[in-house]
Amino acid sequence: MPGSVTREELQRLVAEEGARVVEVLPREDYDFEHIAGAINIPLKELDDAAASALAKDAPVVVYCNDFL
Amino acid sequence: MSPRAAWRLESLGFESVFDYEAGKTDWTGSGLPSEGEGAERPRPGMIAIPVATCRLGEQVREVEKRVEEADDTMCIVVADDDVVLGRVSLAQLRSNPEAVVDDVMSPGPTTVRYDEELVGLTVRMQDKEVGDILVTTPAGKLVGVMYRKVAEELLGDALDEYRAHQEHHHH
């Protein structure tokens, strides 16, 4: 089951474990503003894009706007 | 949306997947670095300045001295984790030097988030004749005080343009 992380844990995962941060919102949202260093894979494109853009053995942190 | 993405990645064979549930709102609201076309826009947190702080239970006399030394006009009452509990003006402090801060503070002051939309906020402050406002992170931690005057100087014509735009929509 995917774990939930806080802001601090995300920063640690990136700094110490080389995690990739992925914004799953549509391209326009990403283009306007995204977490520094994050890449964009909109949810609809996840299946194909994930396989080519991400390493399966490195941590991946996904995010959108918030849980609301 | 991100929980679905996390599940999907796991089912695709990714071994270590996490969901940052609080998301972009939490990140930018905390003043952490972002990129993109909108990332350079001015935000309250960028122009907020430090302010004197105090804790519940502190002697008003002591706090008053600190505020005067800092040449401030107010003091923000914070918890141990810097979460904002109240604010107290110099006038309130002077009204009762023998009291503790709890007795004279105004609890639950209005706050805005680090990345609240600055133009609209400044216009609302003008309309309500509010000169300053506290800026916090999404978790309620104090960032500083944003003075309307500073925002007005920074934004200049953008404020008139915003008002003109509003008028246009109202008529």
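1. **Ground rules.** This is a predicted model, where local features need pLDDT of at least 70, side-chain atom pairs count only at pLDDT 80 or more, and totals for chains, interfaces and linings use all residues. Residues are numbered from 1 along each chain as its sequence is written, chains are lettered from A and ligands numbered from 1 in the order in which they are written, and side-chain values use heavy atoms, with hydrogens and water left out.

2. **Extent of the interface.** The size of an interface is often given as the accessible area lost when the parts come together. Here chains A and B bury about 3600 Å² between them. Of this, 62% is on carbon and sulfur atoms. (Buried area is the accessible area, with a 1.4 Å probe, that two parts lose on being put together, summed over both.) Arg7(A), Glu33(A) and Lys56(A) supply 19% of the area that chain A buries against chain B, more than any other three residues. The contact (heavy atoms within 4.5 Å) takes 40 residues from chain A and 37 residues from chain B.

3. (A salt bridge is a side-chain nitrogen of Lys or Arg within 4 Å of a carboxyl oxygen of Asp or Glu.) One salt bridge joins Arg41(B) to Glu33(A), with the closest N and O atoms 3.0 Å apart.

4. **Strand pairing across chains.** Strands of a sheet pair through backbone hydrogen bonds, either parallel or antiparallel. β1(A) pairs with strand β1 (residues 17-19) of chain B in the parallel sense, over 2 bridges. (Strands are DSSP runs of E, at least two residues; helices are runs of H or I, at least four; both are numbered from the N terminus. Two strands pair if DSSP finds at least two bridges between them.) Ser4(A) has Asp19(B) as its bridge partner in β1(B).

5. **A sheet in chain B.** An open sheet of 3 strands runs in the order β7-β8-β9 (chain B), with mixed pairing. Its edge strands are β7 (111-113) and β9 (142-147) of chain B. Strand β8 (residues 132-136) of chain B pairs with β9(B) in the antiparallel sense, over 5 bridges. Thr136(B) has Leu142(B) as its bridge partner in β9(B).

6. **Helices on that sheet.** Helix α7 (residues 118-127) of chain B lies across β7, β8 and β9 of chain B. Helix α7 of chain B runs at about 60° to β9(B). (Axes are lines fitted to C-alpha atoms, for helices over the stretch in contact, and angles run from 0 to 180 degrees between N-to-C directions.) Helix α8 (residues 148-155) of chain B packs on the sheet too, touching β8 and β9 of chain B. The direction of helix α8 of chain B makes about 70° with that of β9(B).
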